[in-house]
Amino acid sequence: MSNKLSSINFCHISPTAYLSDYTATNGAHLLLAHLVESDEAYASYYRHLHDGKMQIMDNSALQLIKQGRPMYPSDKLVEMGQKCNADIIVMSDYPGEHVDKTIRAAEVMGPELLAEGFGTFFVPQCEEGKLDQLLTGIEWAMDQEYINLIGMSILACPIAFGVEKNNRLQRFLSRWSVFNKLSDMGVLDRPDASKRFHCLGMVDGPQEIMLLQEFFT
């Protein structure tokens with residue numbers, strides 16, 4: 001099991017009209033907070049879905065930042081998690097900003113989510129070109145027993161190498177490069193590593209699964 005992660009539970013994110021078609025084969029479900037708030041049919045689908053699979057409510061950071069909109073308010077995540085019957089909530093994260101801001105948010109939100117019966121999902125971020133910050137955030141999260149999942153973000157990894165824009169090949173390789181660095185550091189040898197990482201988003205197509213397969217059992 002050395003330097004390996006657990007097998008893939010792929011999560012399709014689907015428009016409301018196609019939820020029953022595209023999410024039936026999900027290993028787990030990933031849903032978006034801003035759609036839970038704005039689309040009652042979307043929220044109701046997940047609220048009444050009892051298929052035994054984990055429901056992870058994302059904070060919609062990727063979708064909102066790409067639309068040029070502010071990050072989803074932290075103080076509304078619990079309400080939205082209850083509205084869609086989520087199991088785990090992705091805590092607030094701040095792409096392109098110092099990792100300490102995301103850590104501080106998690107230190108506040110983590111206990112709040114646990115008190116409401118939710119699991120916790122931490123997504124480390126960093127300033128552009130600051131791989132050391134991203135690695136610091138990952139190692140910090142690994143040391144926090146209350147953090148259930150750690151997200152390897154489709155934004156954070158390219159940002160860490162300064163290649164999020166206008167460099168598709170290097171962006172495609174960025175998450176693979178972070179996992180290789182974690183392997184070299186021995187982080188993936190930790191006994192709890194195999195169940196704690198989740199890749200958020202897919203970089204430039206499904207071939208990334210093949211690229212990352214060396215880290216999966």
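**Words and the values behind them**

Me: What makes the surroundings of Tyr 42 worth a look, and which residues is Tyr 42 in contact with beyond its neighbours within four places in sequence?

Reply: Once those neighbours are set aside, Tyr 42 is in contact with Ser 14, Thr 16, Leu 19, Leu 30, Leu 31, Leu 32, Leu 35 and Val 36. To count as a contact, heavy atoms must be within 4.5 Å. Please keep in mind that this is a predicted model.

Me: Why is Tyr 42 called buried?

Reply: Buried means under 20% relative accessible area, and the value for Tyr 42 is 0%. Since 0% falls under that limit, Tyr 42 is buried. You will find Tyr 42 in helix H3, residues 40-47.

Me: How far apart are the C-alpha atoms of Tyr 42 and Leu 31?

Reply: They are separated by 9.0 Å, and the two residues are eleven apart along the chain. Leu 31 is also among the contacts of Tyr 42. Contact is judged on heavy atoms, whereas the 9.0 Å refers to C-alpha atoms.

Me: Leu 31 belongs to E1, I think. How do you know which way the residues of E1 point?

Reply: His 29 and Leu 31 point one way from E1, while Leu 30 and Leu 32 point the other way. In a regular strand the side chains alternate between the two faces of the sheet. All four of these E1 residues are buried.

Me: What makes E1 and E2 a pair?

Reply: Pairing needs at least two bridges between the strands. E1 and strand E2 (residues 55-58) have four bridges, so they pair, and they do so in the parallel sense. Leu 30 stands opposite Ile 56 in E2, and Leu 32 has Asp 58 as its bridge partner there.

Me: What about E3 and E4, and how many bridges join them?

Reply: Three bridges join them, and the strands run parallel. Ile 89 has Thr 120 in E4 as its bridge partner. Helix H6 (residues 99-115) lies across strand E3 (88-90) and strand E4 (119-122), and runs at about 170° to E4.

Me: Why are E1 and E6 called edge strands?

Reply: Strand E1 (29-32) and strand E6 (197-200) each pair on one side only. The sheet is open, has six strands in the order E1-E2-E3-E4-E5-E6, and shows parallel pairing. Its neighbouring strands are turned by 30° against each other on average, direction ignored.

Me: Leu 49 and His 50 both sit in the loop between H3 and E2. What makes one buried and the other exposed?

Reply: Leu 49 has a relative accessible area of 18%, which is under 20%, so Leu 49 is buried. His 50 has 64%. Exposed means over 50%, so His 50 is exposed. Leu 49 touches His 29 and Gln 55, not counting residues up to four places away in sequence.

Me: And why is Asn 85 called partly exposed?

Reply: Its relative accessible area is 36%. That lies between the 20% and 50% limits, so Asn 85 is partly exposed. Asn 85 is in the loop between helix H5 (77-84) and E3, and its phi is near 65°, a positive value in a residue other than glycine. The C-alpha atoms of His 50 and Asn 85 are separated by 9.7 Å.

Me: What is the phi of Ser 60, and is Ser 60 buried or exposed?

Reply: Ser 60 has a positive phi of about 65° although it is not a glycine. With 0% relative accessibility, Ser 60 counts as buried. Ser 60 lies in the loop between E2 and H4.

Me: Which strand or helix gives the most to the lining of the largest pocket?

Reply: E6 does, with four residues. The pocket has a volume of about 930 Å³. Of its 42 lining residues, the closest to the centre are Asn 9, Cys 11, His 198, Cys 199 and Leu 200. The lining divides into 24 nonpolar, twelve polar and six charged residues.

Key
Residues are numbered from 1 along each chain as its sequence is written. This is a predicted model: local features need pLDDT of at least 70, side-chain atom pairs count only at pLDDT 80 or more; totals for chains, interfaces and linings use all residues. Side-chain values use heavy atoms; hydrogens and water are left out. Helices (H or I, at least four residues) and strands (E, at least two) are DSSP runs, numbered from the N terminus. Axes are lines fitted to C-alpha atoms, for helices over the stretch in contact, and angles run from 0 to 180 degrees between N-to-C directions. On a 1 Å grid over the protein atoms alone, a cavity is a set of points where a 1.4 Å probe fits but cannot get out, and a pocket is an open set with protein on both sides within 12 Å along at least five of seven lines; lining residues have an atom within 4 Å of a point. Grid points are joined across faces, edges and corners, and a volume is the space filled by probe spheres set on the points. Ala, Val, Leu, Ile, Met, Phe, Trp, Tyr, Cys and Pro count as nonpolar, Asp, Glu, Lys and Arg as charged, and the others, Gly among them, as polar. Buried means under 20% relative accessible area, exposed over 50%, partly exposed in between (1.4 Å probe, protein chains only).
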